[in-house]
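Open the model in your viewer and keep the selection tool ready. The stops below tell you what to select next and what is there.

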Amino acid sequence: MRAWRVHENGEPGEVMRLDEVGTPTPGEGQLLLKVRAANINFPDALLCRGQYQVRPPLPFTPGVEICGETEDGRRVIATPALPHGGFAEYVVVDAAGVLPAPEALDDAEAAALHIGYQTGWFGLHRRAHLEAGETLLVHAAAGGVGSAAVQLGKAAGATVIGVVGGPEKARTARELGCDLVIDRHGEDIVAKVKEATGGRGADVVYDPVGGDAYAKSVKCVAFEGRIVVVGFASGSIPSPGLNHALVKNYSIVGLHWGLYNTMDPAAVLACHQELTELAAEGAIRPLVSERVAMKDAADAVQRVADGTTTGRVVVVPEGTAR
């Protein structure tokens, strides 16, 4: 079978190589899946660069999220275990972590549902306890992680303010349902948030960016607001001023969604059931901006790494890309 492999760390477009390898054999408690679609996540780029918290041995196949087909024809979603990731024609996964693909979503959409939407749900509901009527500020609102938070925020009854970079991403954020869109390239985030909230600020901030986004967030978070730290796509990890959190009465909460798979797997299953229901109702639908062929996966991962994409870019079998 064909599989993309990283033989040395570096930029995805330079170090990913399409190889012919043997089809994996499932062990006890595992399933062999035919990959129907593999969603590209920012951690895939970090894995290539050797900058992720997990560093699989070289060579490895990236791709942490797929929609696959079991040998008996069931359509499922799964997170392949590294070093044998999802940018391959077949993968082996732990049977206990396999979930049914929602019928309301096609293969590419289903592949993009799991990590981003689980992260959004746990961040907004489990960590920040978002309530209907509150104001949610989402950074990188047109990106894969941010777009999920926007849809989940709207589904929860929040007023959603999206921060984006550029007019094209602003259009996407509006289509996703943002009540207000702020283009950070030409608009003052802090001033716009305070204006929109009558000076109160955002009750919840969802931040997958870090760096300057976090610095702006602490200036426009509301009294008893919650800043959810999801990641650092900017490449800059901020150093919070705890004295500032003290005098403004806001909370800084971290979210490592993957930890729930080991610490509270029942909560992950319950979340998937709720996401499936929301998808059936049409309240959420992963924004798949591109479906790229297997042969173009390295270039697509590089574009996600560079931050030039909107929504989700998904690798699909040849003949179904568009």
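Select R2 and E89. Their side chains meet in a salt bridge, with N and O 3.4 Å apart. A salt bridge here is a side-chain nitrogen of Lys or Arg within 4 Å of a carboxyl oxygen of Asp or Glu. R2 sits in strand β1 (residues 2-6) and E89 in the loop between β5 (75-78) and β6 (90-94), so the pair ties together parts that are 87 residues apart in sequence. Helices (H or I, at least four residues) and strands (E, at least two) are DSSP runs, numbered from the N terminus. R2 is partly exposed at 22% relative accessibility, and E89 is partly exposed at 29%. Buried means under 20% relative accessible area, exposed over 50%, and partly exposed in between, using a 1.4 Å probe and protein chains only.

A word on the model itself. It is predicted: local features need pLDDT of at least 70, side-chain atom pairs count only at pLDDT 80 or more, and totals for chains, interfaces and linings use all residues. Residues are numbered from 1 along each chain as its sequence is written, and side-chain values use heavy atoms, with hydrogens and water left out.

Stay with charged pairs. The structure holds 19 salt bridges. Go to R36 and D107, where the closest N and O atoms are 2.9 Å apart. R36 is in strand β3 (residues 30-39) and D107 in helix α3 (residues 107-111), so this pair ties together parts that are 71 residues apart in sequence. R36 is partly exposed, with a relative accessible area of 26%. R36, E69, R75 and D107 are linked in a network of salt bridges.

Next, pick D19 and R17. Their salt bridge has its closest N and O atoms 3.2 Å apart.

Six strands form an open sheet with parallel pairing, in the order β10-β9-β8-β11-β12-β13. Find its edges: β10 (180-183) and β13 (251-254) each pair on one side only. The twist averages 20° from one strand to the next. Two strands pair if DSSP finds at least two bridges between them. R226 stands opposite S251 in β13.

Now show the helices over the sheet. α5 lies across β8 (135-139), β9 (159-164) and β11 (202-207), running at about 170° to β8. Helix α6 (residues 167-176) lies across β9 and β10, at about 165° to β10. Axes are lines fitted to C-alpha atoms, for helices over the stretch in contact, and angles run from 0 to 180 degrees between N-to-C directions.

Zoom in on S147, in helix α5 (residues 144-155). S147 is buried, with a relative accessible area of 1%. A polar atom of the S147 side chain lies 2.7 Å from the backbone oxygen of G143. Beyond its neighbours within four places in sequence, S147 is in contact (heavy atoms within 4.5 Å) with A140, A141 and L176.

Last stop: helix α2 (residues 42-49) and helix α12 (residues 297-306). Their axes come within 8 Å and cross at roughly 100°. That makes α2 roughly perpendicular to α12, a term for angles of 65 to 115 degrees. Select F42, D44, A45 and R49 in α2; they meet V301, V304 and A305 in α12.

Note on methods
A polar contact is a pair of N or O atoms within 3.5 Å; within protein, one must be able to donate a hydrogen and the other to accept it, and residues adjacent in sequence count only if both atoms are side-chain atoms. Angles under 35 degrees count as roughly parallel, over 145 as roughly antiparallel, 65 to 115 as roughly perpendicular and the rest as oblique.
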